[in-house]
Amino acid sequence: MRKNHVATLEELVEAARLLGIRMYACEMAMHVLGLQKTDFIEEVKDEVGVATFLKISEGGRTLFI
């Protein structure tokens, strides 16, 4: 990433934290991949399904990755 002049994942997470971004993990993806909440960084506050995500993101800016 550095070679291509792109911020590292750590730098992007820190920038998001400073901006007050809320991060959520996809509940279905976690199930499929066998992941637990403890597998994520502390900035990931909760795991949510699609319906919950749509409700909490209503009226806001949303980036789905």
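1. Let's start with E43. Leaving aside neighbours within four places in sequence, E43 is in contact (heavy atoms within 4.5 Å) with V13, R17 and M23. E43 is found in the loop between helix 2 (27-33) and strand 2 (44-48); helices (H or I, at least four residues) and strands (E, at least two) are DSSP runs, numbered from the N terminus.

2. A word on what we're looking at. This is a predicted model, where local features need pLDDT of at least 70 and side-chain atom pairs count only at pLDDT 80 or more, while totals for chains, interfaces and linings use all residues. Residues are numbered from 1 along each chain as its sequence is written, and side-chain values use heavy atoms, with hydrogens and water left out.

3. On confidence, pLDDT is the predictor's own score for each residue, from 0 to 100. The chain averages 88, and 94% of the residues score at least 70. Confidence is highest in helix 2, at a mean of 95, and lowest in helix 3, at 88.

4. Back to E43: does that side chain count as buried or exposed? E43 is buried, yet has no salt bridge. Here buried means under 20% relative accessible area, exposed means over 50%, and partly exposed is in between (1.4 Å probe, protein chains only). The nearest side chain of opposite charge, R17, is 4.6 Å away; Lys and Arg count as positive and Asp and Glu as negative, with His and the chain ends not counted. A salt bridge needs a side-chain nitrogen of Lys or Arg within 4 Å of a carboxyl oxygen of Asp or Glu.

5. So which residue does R17 pair with? R17 forms a salt bridge with E14, the closest N and O atoms being 2.6 Å apart. The structure holds 1 salt bridge. Both R17 and E14 lie in helix 1, 3 residues apart, about one turn of the helix. R17 counts as partly exposed because its relative accessibility is 41%, and E14 gets that label at 34%.

6. Now the hydrophobic side. The largest nonpolar core has 6 residues: V13, A16, M23, A25, M30 and V44. Helix 1 (9-19) and strand 1 (23-26) each supply at least two residues of this core. By nonpolar core I mean a set of buried Ala, Val, Leu, Ile, Met, Phe, Trp, Tyr and Cys residues joined through side-chain atoms within 4.5 Å. Not counting residues up to four places away in sequence, A25 touches M30, F40, V44, D46, E47 and V48.

7. Q36 lies in the loop between helix 2 and strand 2. Q36 is partly exposed, with a relative accessible area of 49%.

8. S57 sits in helix 3 (residues 50-57) and is buried, at a relative accessible area of 17%. The side chain of S57 reaches the backbone oxygen of F53 at 2.8 Å. The C-alpha atoms of S57 and F40, 17 residues apart along the chain, are separated by 21 Å.

9. H5 is in the segment before helix 1 and is exposed, with a relative accessible area of 75%.

How values were computed. A polar contact is a pair of N or O atoms within 3.5 Å; within protein, one must be able to donate a hydrogen and the other to accept it, and residues adjacent in sequence count only if both atoms are side-chain atoms.
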